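Here is a short note to read beside the model. Keep the structure open as you go through the points.

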Amino acid sequence: MHAVGIVAAAGSGLRLGADRPKALVPLGGRPLVAWAVATLLDGGVDEVVVAVPAEERDAFAAALPAGSRLVDGGATRTASVRAALAAVDPAATAVLVHDAARPLTPPDVVARVLAALAAGAPAVVPVLPVVDTTVVVDDAGVVAAAPDRATLRRVQTPQGFDRATLAAAYDRLPAGAELTDDAAVVRAAGVPVGTVAGDERCAKVTVAHDLALAELQVAR
Ligand code: C5P
């Protein structure tokens, strides 16, 4: 299996209130994107392609290990992953798509995703149980449904795919479509998505509080 990691790192960091793209914000002195790339390589991915804001290429190149391939991201996460996927060598058999915004993801999670792909899964995502009762609300904010919590999972990254399956699913996706993750793209193409155990440390850094928590973890 030849596995390529895609890191979606072209977001703005608006909600973090940062003075630079979120993926360049330092955690323990190292940019978030560098943590994400290291996790993928440590977990067994062979090479990485990183989608970055076009105007920040030089800063990202300086932040990443030699050999990292950079591509210009798009206006949405879906567009950024689509651009990175187009740069993946067609000879690769597996693709893992990871958020730069999940810097403390343990390499074990990457290894579990790779193992599921090696065992024949066309698509696999790391998940965790939902501990709060979770409801659906209508436009007025009134609870419309309360799905059985035991059936719900929180979905994380890296998400793993057979490369050809993911490429075909993106080809079918209408231009401009915006989905929140890549499993949704393959599910829209009718591909079953398996699960492996995720990890609380895959938590996403979105707002300043998340970054403060991550700093505490790094300092321990
Ligand atoms: O905004 P959010 O935190 O959901 O973004 C998830 C990941 O997608 C982040 O790592 C971000 O850099 C990336 N992203 C991207 N291109 C965009 C928007 C977000 O690569 N246009």
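1. Which residues are the closest to the ligand? They are Ala 8, Ala 10, Arg 15, Ser 80 and Lys 204. In total, 15 residues surround the ligand (a residue is near a molecule if one of its heavy atoms lies within 4 Å of it).

2. A word on the source. This is a predicted model, where local features need pLDDT of at least 70 and side-chain atom pairs count only at pLDDT 80 or more, while totals for chains, interfaces and linings use all residues. Residues are numbered from 1 along each chain as its sequence is written, and side-chain values use heavy atoms, with hydrogens and water left out.

3. Now the backbone. A backbone N or O atom of Gly 74 is 2.9 Å from a ligand nitrogen atom. For Ala 75, a backbone N or O atom lies 3.3 Å from a nitrogen atom of the ligand. A polar backbone atom of Ala 101 lies 3.2 Å from an oxygen atom of the ligand. (A polar contact is a pair of N or O atoms within 3.5 Å.) The ligand has 460 Å² of accessible area on its own, and the protein covers 85% of it (Shrake-Rupley method, 1.4 Å probe).

4. Look at the loop between strand S10 (153-155) and strand S11 (159-162): Pro 158 is there. (Strands are DSSP runs of E, at least two residues, numbered from the N terminus.) Thr 157 and Pro 158 are joined by a cis peptide bond, with omega about 10 degrees. Most peptide bonds are trans.

5. Finally, the overall dimensions. The C-alpha atoms fill a box of roughly 50 × 40 × 35 Å along the principal axes.

Methods. A polar contact is a pair of N or O atoms within 3.5 Å; within protein, one must be able to donate a hydrogen and the other to accept it, and residues adjacent in sequence count only if both atoms are side-chain atoms. Helices (H or I, at least four residues) and strands (E, at least two) are DSSP runs, numbered from the N terminus.
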